[in-house]
Amino acid sequence: MPALGAQANLHLHGPDELWLLIDDESATLHVYRGEREVERFFPISLGQRGAAPLRVRGDKQTPTGEFRINRFNFKSRFHIFLGLNYPTPWHALDALNAGIMSQQEYEDYFAYLRRYGRPPQDTVLGGDIGIHGIGKGDPSIHERFHWTEGCIAVTNEQIERLAGLVEVGTRVVIR
């Protein structure tokens, strides 16, 4: 049996599934259909402190693992926001096991998830993680630095393109 955790289900996809791969090391967002790359966005910006398997609220890191797009916000200050289902149950379990989340916080997380069908956004692990444009931000900063609080940023033109390709439920792998 595979180990549980945020990395447990990476790279299991159907031959025609449209999915996104966000690579922290290369600062690139890849759009795949099955195993075939159909688009690539570079450079992208991540959290100011890079990516990590276990983030906590305010640490300015982008969480790694597998996610699903669970909401669209077309009125975001970042132009368009594609919300991710962070923190996932795997992140909550990892946080419980690492002593970052208490047993009560863990149980509260699952109670909220069961009740509302989406993860709470106010846990010790933070929330409101997604893919977004730069809004009225400075494109030259976007090209040179990781500047977000933990999200993945692309240009406004790229987020418009992505929003036209993906849907609620699209898989997003961040590594």
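These legends describe several views of one predicted protein model.

Local features are reported only where pLDDT is at least 70, and side-chain atom pairs only at pLDDT 80 or more, while totals for chains, interfaces and linings use all residues. Residues are numbered from 1 along each chain as its sequence is written, and side-chain values use heavy atoms, with hydrogens and water left out.

**View 1. The whole chain.** The chain holds 4 helices and 10 strands. Helices (H or I, at least four residues) and strands (E, at least two) are DSSP runs, numbered from the N terminus. Along the sequence they follow the pattern β-β-β-β-β-β-β-α-α-β-α-β-α-β. The radius of gyration is 16 Å, close to the 16 Å that the globule rule gives for 175 residues, so the chain is as compact as a globular protein of that length. This radius is taken over C-alpha atoms, and the rule is 2.2 Å times the number of residues to the power 0.38. The C-alpha trace spans about 45 × 35 × 30 Å along its principal axes. Buried residues make up 48% of the 175 residues. Buried means under 20% relative accessible area, exposed over 50%, and partly exposed in between (1.4 Å probe, protein chains only). Among contacts between residues at least 6 apart in sequence, 60% join residues at least 24 apart. A contact means heavy atoms within 4.5 Å.

**View 2. The sheet of 8 strands.** This open sheet has mixed pairing, in the order β3-β2-β1-β10-β6-β7-β8-β9. Its edge strands are β3 and β9 (152-153), each of which pairs on one side only. Two strands pair if DSSP finds at least two bridges between them. Strands of a sheet pair through backbone hydrogen bonds, either parallel or antiparallel.

View 3. Strand β1 (residues 18-23) runs antiparallel to β2, and 6 bridges join them. Asp 23 stands opposite Thr 28 in β2. Trp 19 has Tyr 32 as its bridge partner in β2. On the β3 side, Tyr 32 has Glu 37 as its bridge partner. β2 and β3 (residues 36-41) also run antiparallel, joined by 5 bridges. Strand β2 (residues 28-33) is mostly covered, with 5 of its 6 residues buried.

**View 4. Two hairpin turns.** β1 and β2 form a hairpin with 4 residues between them. Ala 27 lies in the loop there. Its phi is near 50°, a positive value in a residue other than glycine. Ala 27 counts as buried, at 14% relative accessibility. The hairpin of β2 and β3 has 2 residues between its strands, and Gly 34 in the turn has a positive phi of about 65°.

**View 5. Leu 162 and its contacts.** Leu 162 is found in helix α4 (residues 156-165). At 0% relative accessibility, Leu 162 counts as buried. Leaving aside neighbours within four places in sequence, Leu 162 touches Leu 20, Leu 29, Val 31, Phe 41, Leu 82 and Ile 131. Phe 41 is 121 residues away along the chain, yet the two C-alpha atoms are separated by 9.7 Å.

**View 6. Helix α1 and its surroundings.** The buried residues of α1 (residues 89-97) are His 91, Ala 92, Leu 93 and Ala 95. These pack against β5 (62-63), β6 (65-76) and α2 (103-116). After the helix comes Gly 99, with a positive phi near 80°.

**View 7. Backbone details.** A cis peptide bond joins Phe 42 and Pro 43, with omega about -10°. Pro 43 lies in the loop between β3 and β4 (51-52). Another cis peptide bond joins Tyr 86 and Pro 87, with omega about -5°. Pro 87 sits in the loop between β7 (79-84) and α1. His 79 belongs to strand β7. Its phi is positive, about 80°, although His 79 is not a glycine. At 28% relative accessibility, His 79 counts as partly exposed.

**View 8. The largest pocket.** The lining has 19 residues, of which Arg 77, Phe 78, Asp 128, Glu 149 and Cys 151 lie nearest the pocket centre. On a 1 Å grid over the protein atoms alone, a pocket is an open set of points where a 1.4 Å probe fits, with protein on both sides within 12 Å along at least five of seven lines; lining residues have an atom within 4 Å of a point. The lining divides into 5 nonpolar, 9 polar and 5 charged residues. Ala, Val, Leu, Ile, Met, Phe, Trp, Tyr, Cys and Pro count as nonpolar, Asp, Glu, Lys and Arg as charged, and the others, Gly among them, as polar.
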